[in-house]
Amino acid sequence: MILREDLPTYFLKPAELRFVRGPGVIRTVLGSCVTVTMFCRRLAASAACHPVLPACPEAGSCHVQNCSQRSKYVECVIPEMLRRFQDLGVQEDELEIKIFGGANMFFRSTSQKEILQVGSRNVDMAKEMIKELRLTLKSYDVGGNQGRKLYFDTETGDVWVKRFQANGASRDDLTVMQSQLSLQLKNHER
Ligand SMILES: [Zn+2]
């Protein structure tokens, strides 16, 4: 992988959405979250999101343009990305769309099935939204139980993925993350 160090680099945090025009690199780290990248070659316009959970808690009543936390949910952030490309005059068939992440990180825990499925549910929702919006998915690298580091070259549209074991996180970190996640799931379940 060739990463040019002279390019501006942006680190995409969870629940963030980023647009870049021209050369640059969007980096992120994914566990059960997904990143959807969209790239329009004609305008050298790129977008990447990092939603944490599949469905908006305001499901049904959510109007994406007003959704206060739209970049946190797969369901809300994908239409928002499309809308912003459309504002630039981009046609749907000009978009190169890719999905990454959605690992099932806590595979050792057998008691918390919900948590095991967050990654898969994020991926399923992303594919569903892309289909619903009549967009074409160019490629994806999803699932499994390893984390991913992503490098999105906003000049070429190429995305580089490096997988890693999540062993770097301590037991305590994992426990805290798990309890937060199960709380979120309870609050946001449809
Ligand atoms: Zn929403």
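**Notebook: core and sheet of a predicted model**

I looked up Ala126 and found that Ala126 touches Val34, Val36, Val74, Ile78 and Ile99, leaving out residues up to four places away in sequence; contact means C-beta atoms, placed from the backbone, within 7 Å. The model is predicted: local features need pLDDT of at least 70, side-chain atom pairs count only at pLDDT 80 or more, and totals for chains, interfaces and linings use all residues. I number residues from 1 along each chain as its sequence is written.

I then turned to the largest nonpolar core, which has 37 residues. Such a core joins buried Ala, Val, Leu, Ile, Met, Phe, Trp, Tyr and Cys residues through C-beta atoms within 7 Å, and buried means that 20 or more other C-beta atoms lie within 10 Å of a residue's own. Val34, Val36, Met38, Val74, Ile78, Met81 and Ala126 touch the most other members. Among the elements giving two or more residues are α1 (74-87) and α2 (113-132); helices are DSSP runs (H or I) of at least four residues, strands (E) of at least two. The largest share, seven residues, comes from α1.

Next I traced the open sheet, whose five strands run in the order β2-β5-β4-β6-β7 with mixed pairing; strands pair if DSSP finds at least two bridges between them. β2 (17-21) and β7 (137-142) are at the edges with a single partner strand each, so one side of each lacks a neighbour in the sheet.

Which residue in β5 is the bridge partner of Cys40? I found Ala45. β4 and β5 pair in the antiparallel sense over four bridges.

Terms used. Buried ≥ 20, exposed ≤ 12 C-beta atoms within 10 Å, placed from the backbone. Contact = placed C-beta atoms within 7 Å.
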